[in-house]
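Student: I would like to go through the salt bridges here. Could we take the terms one at a time?

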Amino acid sequence: MMNRLIAATSTFEGPAIQWFKISPILALLAGALFLILVGSLTPQWKRGWYATASVVTAVAAAVLTGVLWNQMGDDAPSTLVGGALAFDHFALFATFTICVSVALASLVVNDYLTREGEDGPEVYGLILAAAIGGVVMVSANDLLVLFLGLETLSLSFYLLTASSRSRTQSGEAGLKYFILGGFASAFFLYGVALLFGASGTTNLQTMATVFAGEVTVPANNGLLLAGIALLLVGFAFKVSLVPFHVWTPDVYQGAPTPITALMGSVGKVAAFAALIRVFMIALPSRIDDWRPAVLVLALLTLVVGSVLAVVQTDVKRMLAYSSISHAGFILVGLEAASHIGHADSHLGISSAMGYLFIYSILVIGTFAVVSVVAGQGDNATMLDEFKGLGKKRPVLALGMTVLLLAQAGVPLTSGFVAKFGIIRAAVSVESYALAVAAMLAAVIAAFLYLRIMVSMWLSEPADDAPVSISKSAGLAITLAVAVTLLIGVLPAVLLTVLESI
Amino acid sequence: MFASVEKAGEATASFPILTMLVLMPLLGAVLVSLLNKKHGEWVKLAALVSSIATGAMSVWMLVKFPTGAAGFEFVSKHSWISEWGISWHLGVDGISLFMVVLTGVLFPLVIVGIDPHHDHKSYLAWMLLLEAGVMGSFLSLDLFLFFVFFEIVLVPMYFLIGGWGYEKRVYAATKFFLYTMAGSAFMLVGIVATAFLARRDTGALTFDLVEIAEKANFATGTGRWLFAAFMIAFAVKVPLFPLHTWLPDAHTQAPTGGSVILAGVLLKMGTYGMLRFGVYLFPQAAIWAKPMLLTLAVIGILYGAIAATMQKDLKRLVAYSSVAHLGFIVLGTFAMTTQAITGGVMQMVNHGVSTGALFLLVGMIYERRHTRQISELGGIQAVAPIFAGFFMIVMLSSIGLPGLNGFVGEFLVLIGSFETARWWVVVATIGVILAALYLLWAYQRVFHGEPSDDNKSFPEITLREGLLLSVFVAAIVFAGVYPKPMLDRIEPSVKALIEHVEASK
């Protein structure tokens with residue numbers, strides 16, 4: 001028995017690997033291993049060095065992604081590692097978004113960790129591990145590879161959520177996230193299994209070819225539909241679509257604030273990109289079956305997210321619900337993309353990706369401000385804590401105002417470009433009602449951003465507690481605001497890139 | 001940044017005056033916000049210089065504007081977001097000309113004449129940003145660009161009301177923001193849909209207003225839907241009954257400067273939009289929707305007048321009078337005759353001047369007495385006759401007394417609409433009488449009678465206030481006695497618009 005196994009292994013031929021094309025993953029992996037191995041074997045590094053290593057890693061991965069993007073030019077997309085990973089503009093753009101988010105978020109994490117006196121390599125290592133999971137997810141061309149990425153991302157997030165040693169809510173949120181996330185992963189995996197049963201493959205492209213032919217055996221059809229449904233539930237949980245969103249406010253509130261920023265950016269990008277790829281690549285022949293579900297989820301998410309956001313009193317919970325509402329917007333992009341007969345349906349995917357990029361920057365910037373205001377202990381996140389911020393820290397409050405206005409979709413900020421892109425995609429495939437619903441939900445959500453602005457500018461400070469900003473948090477916020485305004489005024493910088501997706 | 005694409009229009013000035021009209025206040029706003037708060041005088045000077053320069057440029061443009069020209073002048077067109085077919089396309093014609101001038105002149109007056117009392121720096125920065133937004137809205141000839149300006153205006157106005165307003169300022173500011181934004185939500189979808197549906201006729205995707213209006217041919221049903229999407233946004237802005245409820249709150253709670261600007265130019269963005277983006281883009285749909293819009297306008301006239309009569313708060317009274325006056329403008333707009341629309345455009349300017357001045361006066365009363373309650377005022381004429389005189393002239397202009405500006409516009413609207421909208425005019429005329437009723441009654445209660453102890457010490461008008469008001473009164477009298485120069489410049493563009501509507505039938 002043993003011999004046969006060894007014999008089998010010896011004749012096993014691994015797939016050809018184009019190492020350079022997976023270099024972003026390798027860079028992140030190298031950074032993560034370096035931080036965890038070297039970091040744990042050496043005495044405590046000087047302040048800021050762990051974060052620097054993390055930022056350098058993420059920037060290096062982003063640069064490699066850019067190089068790959070340029071190299072690819074207009075070449076046809078290809079697959080890597082024996083069809084396990086896709087190599088296309090879509091994956092590279094999502095990878096770039098993840099790397100940029102990690103770099104920005106690391107700056108905020110540095111501020112938080114030094115403030116709490118918990119500086120160390122573990123958190124950064126986990127963040128980079130999450131990024132690896134994310135990058136695998138956005139490029140996975142096989143459902144099982146996707147699942148691997150998903151678990152890498154999720155497990156890192158569970159730990160990161162629970163990483164605060166001083167706040168009990170952090171542990172509670174981590175456990176909650178872990179249990180519910182485990183359920184979602186199970187749903188997802190079950191869906192994969194059923195789809196495998198219906199098609200005999202886990203590869204997305206092969207699956208598409210199988211489903212494009214008539215599924216003649218009714219039993220297979222049932223498997224397929226159930227598989228799609230379970231897969232959608234798994235994804236809906238990960239990107240927090242209503243009614244699978246209930247974990248979001250609790251986890252967002254309980255997690256250390258910079259980690260929340262990371263979940264809102266890296267987590268959303270990875271899961272949404274995977275969702276879009278799976279449904280658009282593997283299941284285009286079943287669009288009529290899944291589009292209604294997407295439509296309903298989008299509407300529910302938009303409305304419930306916006307409405308519940310308004311009644312919160314904790315800023316982190318507010319932003320959690322607002323992130324749900326934003327997810328609804330992105331889903332509108334998928335709905336638009338699903339009208340594949342239509343000449344303009346490609347706009348749906350590129351606008352959704354543009355939205356994800358813009359929102360990632362916004363959400364990190366916003367949570368960076370929240371983290372700064374939350375101060376020592378990471379606890380002061382009630383709306384009242386923002387009272388009089390305009391008087392105490394006018395520049396910080398102004399930055400936050402720009403970020404909030406962008407989230408509300410006010411012109412000349414990146415948020416408007418994002419919303420406009422989605423509306424344009426929806427209208428171009430004649431989904432007018434959905435477009436109007438999305439805009440109205442945005443108006444409801446705007447009330448929430450106004451509430452925060454009212455607290456900052458129009459209320460007297462509740463106390464004299466000073467708000468201190470470290471250099472790294474200040475840098476992250478400045479960069480986020482700068483990108484927000486740059487894309488708002490000159491959207492061309494982003495749009496030219498999006499056009500090739 | 002803006003690669004030059006082409007120069008359209010006949011009178012393309014070598015100096016990009018329209019672009020400067022938008023950028024100058026913007027630069028002022030940036031400068032003001034960069035200056036240190038400690039140098040209060042410098043902050044004021046920067047605000048003053050940029051707003052006066054903008055005003056001077058707008059007047060220069062008025063002088064250079066060729067009388068009798070119907071098309072867009074001083075056009076500047078540059079590519080902005082070429083991926084989406086969006087360009088920086090500005091132009092001015094007879095319909096927008098006086099709105100631009102009014103904006104240019106009103107802002108420096110407000111900045112010079114009204115003291116916000118605290119936090120001058122932010123106040124002035126928001127004011128200038130507001131001016132840039134309003135200017136852009138009146139000048140944009142690109143649907144996307146228009147939306148950007150139309151929407152950006154909300155932010156400074158929100159902060160002006162919320163930061164420098166009265167007791168319920170946060171409530172009023174939020175209501176204002178959300179109402180307008182909800183309206184704009186429909187318009188944004190409408191704008192994108194218009195551009196996409198027009199692509200068949202325009203060839204490539206473009207948001208250019210002129211190109212779409214001249215080339216596109218929408219199916220009847222489609223045109224109506226699109227028209228409705230735009231109209232909801234404008235109806236909120238105007239505001240048209242029953243979407244007006246934000247206005248009394250916003251007007252009453254806004255600081256005096258905010259109210260003057262709100263009444264003077266902001267509301268006109270709605271009526272202007274109805275002409276430029278409603279009637280011009282969707283003429284057939286506009287004709288179809290005429291009865292409903294006329295009815296809403298007339299309801300607004302009567303409702304505004306009746307509600308104004310009942311008010312106990314002087315500022316709220318003026319706010320409701322705005323609802324009534326704006327109803328007249330909408331009536332003129334959708335009566336769709338040259339006379340009526342010309343009167344409507346004229347009335348946009350007149351209302352800006354008269355109601356702006358009224359809010360200024362009410363603000364002065366509040367400064368002196370710290371109340372806006374009519375019941376607590378009284379007998380002011382005895383102690384401050386010059387103040388009362390100014391109030392009287394402005395009020396009479398608002399009523400529409402012949403010889404003052406309000407009469408010209410209102411009369412043109414009524415006479416021009418009589419043929420095409422007879423019964424609506426008949427009802428609307430009642431509004432004219434009601435206007436006299438509520439304003440005269442208010443005047444009587446505030447200024448006549450014996451002054452109470454509190455009002456005995458009502459200070460007479462100061463020189464600065466007097467000079468400020470004189471500018472308004474001069475405009476009121478000039479436009480009332482000699483409206484010809486205005487009409488000569490408005491009418492050709494209106495005629496062209498009517499021809500455009502006729503041609504679409």
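Tutor: Buried means under 20% relative accessible area, exposed means over 50%, and partly exposed lies in between (1.4 Å probe, protein chains only). This is a predicted model, in which local features need pLDDT of at least 70, side-chain atom pairs count only at pLDDT 80 or more, and totals for chains, interfaces and linings use all residues. Side-chain values use heavy atoms, with hydrogens and water left out.

Student: Which residue does Asp249(B) form a salt bridge with?
Tutor: Its partner is Arg316(B), and the closest N and O atoms are 3.5 Å apart. This pair links distant parts of the chain, 67 residues apart: Asp249(B) lies in helix α10 (residues 246-253) of chain B and Arg316(B) in helix α14 (residues 314-335) of chain B. Helices are DSSP runs (H or I, at least four residues), numbered from the N terminus.

Student: Why does Arg316(B) count as partly exposed?
Tutor: Arg316(B) counts as partly exposed because its relative accessibility is 22%. Asp249(B) has 7%, so Asp249(B) counts as buried.

Student: Now Glu116(A) and Arg115(A): buried or exposed?
Tutor: Both Glu116(A) and Arg115(A) are buried. They form a salt bridge, with the closest N and O atoms 3.6 Å apart.

Terms used: Residues are numbered from 1 along each chain as its sequence is written. Chains are lettered from A and ligands numbered from 1 in the order in which they are written. A salt bridge is a side-chain nitrogen of Lys or Arg within 4 Å of a carboxyl oxygen of Asp or Glu. Helices (H or I, at least four residues) and strands (E, at least two) are DSSP runs, numbered from the N terminus.
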